[in-house]
Amino acid sequence: MQEAGDPGGKSVDRPHSCEVHPGVPASITCPRCGSFACSECVADSLWGDEVCAACAARGALEYPLAWDKGDEPWPLRFWKATSSIVFDARQVFPHLPPGTVLRALGYAVSVEILVALAEVIMLLLALTTRRAVIPGTLALLLSDPVLVPLRGFASATLIGLTFHGIAVLLGGKAPLRTGMRAAFYLRAFDLVWIPMQVAAFLPFAGGILTVMMNIAQVAFQGWALSMLARGRYGLKAGAAVAAGTAPIAIAILAYIVLQLGRVLLAYAPLT
Ligand SMILES: [Zn+2]
Ligand SMILES: [Zn+2]
């Protein structure tokens, strides 16, 4: 007699009972702990991995993020990881795979380099079509490729640290690198600023689009971090939403304070 195993799972050769439900035939042998699990006790993922419910509760399901695996050429790895983070965030963040902060930082560096390049190209276009004031554009051309990545890293570091701190304060348990890795991978959303450079040329719609994209980016990050708080820090729904949204609110406040500081400095009487 042979049990029909679920597709993708390791089927059981000989009839074994589920270790939670005696008498119920097991459908898989858990690849993590080797225990027998019936179809009710199997936790399956959308990417095909199957483990027993106990292992799933311990966070055994790990999203196969292409960037973390690192066995493909850069453009392919970057493209796959970006589409996973942006379009499959619901699966990526609760099941964020373990790995080094350095690797996630490498992803964020790639994003910021692409965004800075797009800024330079658009500024050069603005210069050649004389749609911008030349001295101001030159200053931007020189400062933006440095300032844009710096702003991205400062923002990711602040969000990662405050998210981890708040999640731990609320009773969550995960290493600091989990929060930092998520914050760096979330820079993926900065890529929307590449098409937005074009929208900035539209006089009225450009401004509205920019505001809408800012709001969408902030909401997306808060949502992704809330799912990370549930799946990886083990927080309950309410606490997870608080842990996900608080660091974003703090980052926005920090940004507003910085902008106010800049305005005040610009208008401060020279003494
Ligand atoms: Zn197991
Ligand atoms: Zn069972």
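Visitor: What is the mean pLDDT of the protein chain, and what percentage of its residues reach 70 or more?

Guide: The pLDDT is the predictor's confidence in each residue, on a scale from 0 to 100, and here the mean for the protein chain is 86, with 89% of its residues reaching 70 or more. This is a predicted model, in which local features need pLDDT of at least 70, side-chain atom pairs count only at pLDDT 80 or more, and totals for chains, interfaces and linings use all residues. Residues are numbered from 1 along each chain as its sequence is written, while chains are lettered from A and ligands numbered from 1 in the order in which they are written.

Visitor: How many helices and strands does the protein chain have?

Guide: Elements are DSSP runs numbered from the N terminus, with helices (H or I) of at least four residues and strands (E) of at least two; by that rule the protein chain has 10 helices and 4 strands. Read along the sequence, the pattern is β-β-β-β-α-α-α-α-α-α-α-α-α-α.

Visitor: What percentage of the residues count as buried?

Guide: A residue is buried if 20 or more other C-beta atoms lie within 10 Å of its own, exposed if 12 or fewer, and partly exposed in between, with C-beta atoms placed from the backbone. Of the 271 residues of the protein chain, 31% count as buried. Alanine 66, in helix α2, is partly exposed because 18 other C-beta atoms lie within 10 Å, and its contacts, leaving aside residues up to four places away in sequence, are Glu72, Arg77, Lys80, Ala81 and Ser84.

Visitor: Which residues touch the most other members of the largest nonpolar core?

Guide: In soluble globular proteins, nonpolar side chains tend to be buried together. A nonpolar core is a set of buried Ala, Val, Leu, Ile, Met, Phe, Trp, Tyr and Cys residues joined through C-beta atoms within 7 Å; in the largest, which has 42 residues, Leu228 and Ala243 touch the most other members. At least two residues of this core come from each of α3 (74–87), α4 (89–92), α5 (101–128), α6 (134–169), α7 (176–185), α9 (205–231) and α10 (237–267). A second, separate core has 13 residues, including Ile28, Val51, Ala56 and Leu61.

Visitor: Which residues of α3 are buried, and which are exposed on the other side?

Guide: An α-helix has 3.6 residues a turn, so residues three or four places apart point the same way. In α3 the buried residues are Phe78, Ala81, Thr82, Ser84 and Ile85. They lie on the same side of α3 because they cover an arc of only 165° around the axis, the arc being that of the directions from the helix axis to the C-beta atoms. On the other side of α3, Pro75, Leu76, Trp79, Ser83 and Phe87 are exposed, whereas the cover over the buried residues includes α2 (66–69), α4, α5 and α7.

Visitor: How many residues does α3 have, and what is its reach from first C-alpha to last?

Guide: The expected span of a helix is 1.5 Å times one less than its number of residues. For α3, with 14 residues, the reach is 20 Å, close to the 20 Å expected.

Note on methods
Contact = placed C-beta atoms within 7 Å.
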